[in-house]
Amino acid sequence: MQTSQHDFVPIIMQVLLAIGFVAGTILVSNLLGPKRSSANKDKSFECGIESVGNARIPFSVKYFLVAILFVLFDVEVIFMYPWAVNFKEMGMEGLLKMGVFMILLLIGFFYVIKKKALVWE
């Protein structure tokens with residue numbers, strides 16, 4: 001299967017469009033947005049409730065570990081989408097490669113369960 005530089009043009013266009021949209025939105029909101037500042041506007045609040053105490057409370061490492069594991073397994077599942085789209089063209093070789101990928105994914109998942117990384121205390 002040969003690929004050429006022309007195959008990447010839609011991807012590059014989509015990336016440039018996304019970057020341009022984000023940059024344009026930030027620029028326009030900065031130019032058109034109000035610029036008046038006051039002591040009352042600069043006070044921090046959340047959900048309409050005055051802040052009480054220190055916002056720098058330490059979180060448990062378990063929270064961040066669960067978040068990282070979620071992202072890790074979510075990204076691995078994303079890799080299954082191109083395989084599912086090209087399933088027929090890949091044939092038995094693609095099936096075997098995805099089998100190895102799934103086995104490695106399950107080994108990692110069972111390791112996480114064995115280490116009790118997902119158990120809340």
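Which helix is the place of Val15? Val15 sits in helix α1, which covers residues 9-32; helices here are DSSP runs of H or I with at least four residues, numbered from the N terminus. Before going on, note that this is a predicted model, where local features need pLDDT of at least 70 and side-chain atom pairs count only at pLDDT 80 or more, while totals for chains, interfaces and linings use all residues. Residues are numbered from 1 along each chain as its sequence is written, and side-chain values use heavy atoms, leaving out hydrogens and water.

Back to Val15: it counts as partly exposed because its relative accessibility is 44% (buried is under 20%, exposed is over 50%, and partly exposed is in between, with a 1.4 Å probe and protein chains only).

In the model, residues 63-83 are 95% helix and 0% strand, with end C-alpha atoms 32 Å apart. Residues 95-113 are 100% helix, and their end C-alpha atoms lie 27 Å apart.

Next, look at the rings. The whole structure holds 4 aromatic pairs (ring centres of Phe, Tyr or Trp, taking the six-membered ring of Trp, within 6.5 Å; planes under 30 degrees apart are stacked, over 60 edge-to-face, the rest tilted). One of them is Trp83 with Phe87, edge-to-face at 5.2 Å centre to centre and 80 degrees between the planes. Phe109 and Phe110 make a tilted pair, at 6.2 Å and 50 degrees. Together with Phe73, Phe109 and Phe110 form one aromatic cluster.

Terms used
Helix = DSSP H or I, 4+ residues; strand = E, 2+ residues; numbered from the N terminus.
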